[in-house]
Amino acid sequence: MVITFKGIVHVAVALLLYFSFFELDLGIAFAIVLGSLFPDIDTPYSVLGKFNLFAYFMKHRGRTHTIPGWIIASCLAYLFMGRFVWGFAYGYGLHLLMDTLTPMGIMWLYPYSMKYYSLSSKRKVPRRTRVR
């Protein structure tokens, strides 16, 4: 069985897990939704990627699917979201963890290594390992 995730699945899992333990807060919920979708801004076929003019030139599961990408995006999100940045960072981090379950995986050790790490038994090696 091959696991793949659409944006709605990332959002649903993140919201379900979060609000299973914490009370409903619409600001946090909005931040979690953005954080859950943001890593896929590097593909023109994603919800947020449709608004990214550079998505056609970016490599999916490239820099936006790395720990440095997570940190940089969260720092930038802080400028716009303030205290809600924790929801954004949580959604983003959960997206990365979920993508680790897919055959392609993500580059957990970038920039030290461009190797993709996956917990899937059906490993898929990306065509290009160079990150643009």
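Two salt bridges are counted in this predicted model, a salt bridge being a side-chain nitrogen of Lys or Arg within 4 Å of a carboxyl oxygen of Asp or Glu. Side chains of opposite charge can pair when their charged atoms come close. The model is predicted, so local features need pLDDT of at least 70 and side-chain atom pairs count only at pLDDT 80 or more, while totals for chains, interfaces and linings use all residues. Residues are numbered from 1 along each chain as its sequence is written, and side-chain values use heavy atoms, with hydrogens and water left out.

One of the salt bridges joins Arg83 to Asp25, with the closest N and O atoms 3.6 Å apart. Arg83 sits in the loop between helix 3 and helix 4 (85–100), and Asp25 in the loop between helix 1 (7–21) and helix 2, so the pair ties together parts that are 58 residues apart in sequence. Helices here are DSSP runs (H or I, at least four residues), numbered from the N terminus. Arg83 is exposed at 56% relative accessibility, whereas Asp25 is partly exposed at 24%; buried means under 20% relative accessible area, exposed over 50%, and partly exposed in between (1.4 Å probe, protein chains only).

The side chains of Asp99 and Arg61 also form a salt bridge, at 3.4 Å from N to O. Asp99 belongs to helix 4 and Arg61 to the loop between helix 2 and helix 3, so this pair links parts that are 38 residues apart in sequence. Both Asp99 and Arg61 are buried.

Helix 2 has twelve residues and spans 17 Å from its first C-alpha to its last, close to the 16 Å expected; the expected span is 1.5 Å times one less than the number of residues. Its buried residues include Ile28, Ala31, Ile32 and Leu37. The buried residues of helix 2 pack against helix 1, helix 3 and helix 4, with contact meaning heavy atoms within 4.5 Å.

The loop between helix 2 (26–37) and helix 3 (67–81) holds Phe54, and Thr43 lies in the loop between helix 2 and helix 3 as well. Thr43 is buried at 14% relative accessibility and touches Gly49, Ala55 and His60, leaving aside residues up to four places away in sequence. Phe54, in contrast, is exposed, with a relative accessible area of 57%.

Definitions and conventions
Helices (H or I, at least four residues) and strands (E, at least two) are DSSP runs, numbered from the N terminus.
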